[in-house]
Amino acid sequence: MEVIRVGMADLKVAQHPAILTTLGLGSCVGIVLYDIKRKIVGMAHIMLPSSKIASANTNRAKFADTGITDLLEGMIRLGARREDIIAKIAGGAQMFTFSSTTDTMKIGARNSEATKVMLKLLNIPLVSEDTGGNHGRTIEISSEDGKLMVKTIGYGIKYI
Amino acid sequence: MTGIGSNNINSFQMDVLREIGNIGAGNAATALAKMLDKKIDMSVPITRVMKFSEVSDVLGGAETKVVGILLGMQGDIQGHILFVLTIPSAKLLVNFLMGRESDHMFDFDEMACSALKEIGNILAASYLGALSTLTNLKIMPNVPGLAIDMAGAIISVPAIEFSKNSDSVLYIENEFTYGSESVIGDFFLVPDQDSYYKLLEALGVV
């Protein structure tokens, strides 16, 4: 099966059968949407919580607010139905720890938080998550069962 | 002041930044040579402005395990600098620092980690020292943080900072060599939004 790679500040949607993956999530957040009936799948890799605070906001996939909106629209364009879509998220780590933690360092937690707020706003149920901590994650979802694989260095592999 | 990002760096500014990279890395190589009491050579750094989608392909791919040493910048310029070393390069540097054979095997225990932080300190101090002299700005590094993890996850830290005002990242790759041994490291200078402008202004290129 074809594996579709989603880059940083990027999003992709696909019909069944497909595998979507994004590599090395740190403080960024990976969001997957899955239509459980039609097996349509989508993935976004966002870097910042809000498009409203950045001066460079032409790439909508970079932000939680605009990225998730576009991801949902892309799913619907492929035939997905809103009421059958669920969400799973991973990432939002704090890669470096300092005694004096600045705003820049807390960006992971802010990204996770903004992602959850946006999902709630769009009425998409968040069924599982693997966020926070201080390690990187690679995620992969198969349209077959909507299971999200989370791969790490030193913390093993799990399915959420 | 908005919109100043590595997106709209012109080729002249790019040359200036490359030269900063060169001088900074030269200083760092000298500092490294002194610390290790070895003759260290340095190749001309490769400076590139990369799109986010390309970022994770450096250093052998997004999932490759690497060492990241992150330091804050204080003074007239705020922001961060990040050194990313491949695992063999990091081990070689630690072995040099500890006065061991270059192929000595070890795990990244507390001792090795503090040695790496010290290397980060020295590299950052000499790099920023060169930048301070050049710009007449007061720039000091503060306490380093260390992470050993996926390259993509570590590079996401400066990438996110750049992403606030740009769609690309300024990236400098250095290669230090000692005899037949070579240490390859990447360097990201990540000034905060306002500091970036200040830096270019102090260099007289805006």
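The model is predicted, so local features are reported only at pLDDT of at least 70 and side-chain atom pairs only at pLDDT 80 or more, while totals for chains, interfaces and linings use all residues. Residues are numbered from 1 along each chain as its sequence is written, and chains are lettered from A and ligands numbered from 1 in the order in which they are written.

Chain A holds two helices and 10 strands; here helices (H or I, at least four residues) and strands (E, at least two) are DSSP runs, numbered from the N terminus. Read from the N terminus, the elements follow the order β-β-β-β-β-α-β-α-β-β-β-β. The C-alpha trace extends over about 50 × 35 × 25 Å along its principal axes. The radius of gyration of chain A is 15 Å, in agreement with the value near 15 Å for a compact globule of 160 residues; this radius is taken over C-alpha atoms, and the globule rule is 2.2 Å times the number of residues to the power 0.38. Of the 160 residues of chain A, 51% are buried. A residue counts as buried if 20 or more other C-beta atoms, placed from the backbone, lie within 10 Å of its own, as exposed if 12 or fewer do, and as partly exposed in between. Among contacts in chain A with a separation of 6 or more, 61% link residues 24 or more positions apart, a contact being a pair of residues whose C-beta atoms, placed from the backbone, lie within 7 Å.

One open sheet of chain A has five strands in the order S2-S5-S4-S6-S7, with mixed pairing; two strands pair if DSSP finds at least two bridges between them. Its edges are strand S2 (10-14) and strand S7 (126-131) of chain A, each of which pairs on one side only. Neighbouring strands of this sheet are turned by 10° against each other on average, direction ignored. Strand S6 (residues 85-91) of chain A runs parallel to S7(A), with five bridges between them, and Ile89(A) has Glu129(A) in S7(A) as its bridge partner. Helix H1 (residues 64-77) of chain A packs on the sheet, where it touches S2, strand S4 (29-35), strand S5 (40-46) and S6 of chain A, and its direction makes about 165° with that of S5(A). Axes are lines fitted to C-alpha atoms, for helices over the stretch in contact, and angles run from 0 to 180 degrees between N-to-C directions. Helix H2 (residues 107-121) of chain A lies across S4, S5, S6 and S7 of chain A, at about 25° to S4(A).

Strand S8 (residues 137-142) and strand S9 (residues 148-151) of chain A run antiparallel and are joined by four bridges; Ile141(A) is bridged to Leu148(A) in S9(A). Arg5(A) belongs to strand S1 (residues 3-5) of chain A. Arg5(A) is partly exposed, with 16 other C-beta atoms within 10 Å. Its C-alpha atom is separated by 5.1 Å from that of Thr21(A), 16 residues apart along the chain.

Notes. Contact = placed C-beta atoms within 7 Å.
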